[in-house]
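Please open the structure in your viewer and keep the selection tool at hand.

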Amino acid sequence: MTRILVVDDDSAIRSAMETYISLNGFHTVAVSSAEEAMDHLRQCGPMDVVITDIMMEGMSGLELTEHIRATYDTDVIIMTGYSAEYSYEEAIRRGASDIIFKPARFEEILLRLKRVLRERKLTQEREVMLAKLQELSITDELTRLFNSRHFYSRLEKEVERFHRYQRPLSLLLLDIDYFKDYNDSHGHLEGDRVLMRMGAIIKNSLRIMDSAYRYGGEEFTVLLPETEVKEALVVAQRIQEGLASEKFFPASMPQPVYITVSIGITEYITEENLVTFIQRADMAMYCSKKNGRNQITT
Ligand code: GH3
Ligand code: MG
Ligand code: MG
Ligand code: MG
């Protein structure tokens with residue numbers, strides 16, 4: 001239910017507002033000072049909208065507005081009898097969503113409140129939508145790992161960190177073995193299932209700081225900040241073991257099929273460019289292929 005807090009030192013206004021706004025279906029609480037309002041917010045959690053008087057004993061409604069806007073996701077409507085002293089511009093500048101000049105008809109107060117609530121809902125919907133889009137733009141749909149676009153942006157940040165703090169940074173590059181054959185024998189959909197499982201296996205093998213990416217078709221990368229090759233090797237082995245213990249049963253195959261992956265590991269070298277760094281991981285991975293696949297090369 002929508003929660004409204006009324007702040008006014010005039011008890012007649014307070015109780016009339018509380019009654020009228022409640023009657024219109026909003027959960028309404030009224031308090032008589034900014035201090036009480038802040039206590040109420042602290043104890044009972046944020047409100048959707050606070051409607052506050054300006055001139056009150058103690059903290060003013062404008063200060064209260066600034067405090068609320070800095071602390072909570074709550075809209076504020078300012079209500080004042082001093083129409084010459086305060087303006088719409090000032091109210092907005094202080095963080096309010098609207099200003100009402102007293103005396104005001106309840107119909108007008110309610111209309112303004114509803115408009116603020118409508119805008120509030122739109123803003124919230126827009127934020128949810130933006131977060132979803134943001135997530136979509138960095139996620140690989142099939143594996144739920146990050147996509148390659150995000151790999152490059154994250155890599156740049158990690159390399160900055162490397163130079164700022166002089167902490168090691170390792171990179172794994174993984175390529176599934178004979179994956180074309182798997183697709184050819186069992187179909188593309190079965191191949192997709194392998195990629196999905198592979199995504200989950202990689203994720204389950206990582207530590208909190210590590211991040212995994214679908215780099216290309218059946219190729220993956222893992223960024224391991226604060227990690228030297230020696231420790232990166234442990235992560236790579238964990239991935240290989242995870243995959244080795246995974247049985248695949250493509251349709252019409254009575255026997256399980258096993259999948260292997262070739263991995264290259266490398267550590268970032270001061271000042272080198274990103275392409276060189278990735279190429280070195282790629283070359284290490286290629287050595288794993290040449291040496292018979294299902295290998296790790298550092
Ligand atoms: P290697 O051991 O040398 O890596 O052999 P490979 O067959 O894995 O290598 P190659 O690069 O020749 O083949 C990669 C295959 O990955 C070809 C392509 O059909 C398959 N592939 C790429 N993206 C996808 C995808 O999204 N889904 C499926 N099912 N297959 C994909
Ligand atoms: Mg007052
Ligand atoms: Mg490949
Ligand atoms: Mg391959």
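In which loop is Pro103 found? Pro103 is found in the loop between β5 (98–101) and α5; helices (H or I, at least four residues) and strands (E, at least two) are DSSP runs, numbered from the N terminus. Select Lys102 together with Pro103: a cis peptide bond joins them, with omega of about 0 degrees.

Before going on, note that this is a predicted model, in which local features need pLDDT of at least 70 and side-chain atom pairs count only at pLDDT 80 or more, while totals for chains, interfaces and linings use all residues. Residues are numbered from 1 along each chain as its sequence is written, and chains are lettered from A and ligands numbered from 1 in the order in which they are written.

Between β7 and β8 the pairing is antiparallel, over four bridges. Arg214 has Phe220, in β8, as its bridge partner.

**The nonpolar cores**

Select Leu172, Ile202, Phe220, Val222, Ala236, Ile263 and Ile265, which touch the most other members of the largest nonpolar core, a set of 34 residues. Such a core consists of buried Ala, Val, Leu, Ile, Met, Phe, Trp, Tyr and Cys residues joined through C-beta atoms within 7 Å. A residue is buried if 20 or more other C-beta atoms lie within 10 Å of its own, exposed if 12 or fewer, and partly exposed in between; C-beta atoms are placed from the backbone. In soluble globular proteins, nonpolar side chains tend to be buried together. Centre the view on Phe220, whose contacts (C-beta atoms within 7 Å, placed from the backbone) include Leu174, Met198 and Ile202. Apart from this core lies another, of 29 residues, among them Ile4, Leu5, Met17 and Ala91.

**The ligand**

Which residues are closest to ligand 1? Of the 16 residues that surround it, the closest are Asp177, Phe179, Lys180, Gly191 and Gly217; a residue counts here if its C-beta atom, placed from the backbone, lies within 6 Å. β6, α7 (179–186) and α8 each supply at least two residues of this shell.

Next, select Tyr178, in the loop between β6 and α7. Tyr178 has a positive phi of about 45 degrees although it is not a glycine. Tyr178 counts as partly exposed because it has 13 C-beta neighbours inside 10 Å.

**Two last stops**

Select Arg293, in the loop between α10 and β10. Arg293, also not a glycine, has a positive phi of about 70 degrees.

Finally, select Leu133 in helix α5 (residues 106–138). Is Leu133 buried or exposed? Leu133 is exposed, because 9 other C-beta atoms lie within 10 Å.

Note on methods
Contact = placed C-beta atoms within 7 Å. Pairing = 2+ DSSP bridges. Lists of a residue's contacts leave out its neighbours within four places in sequence.
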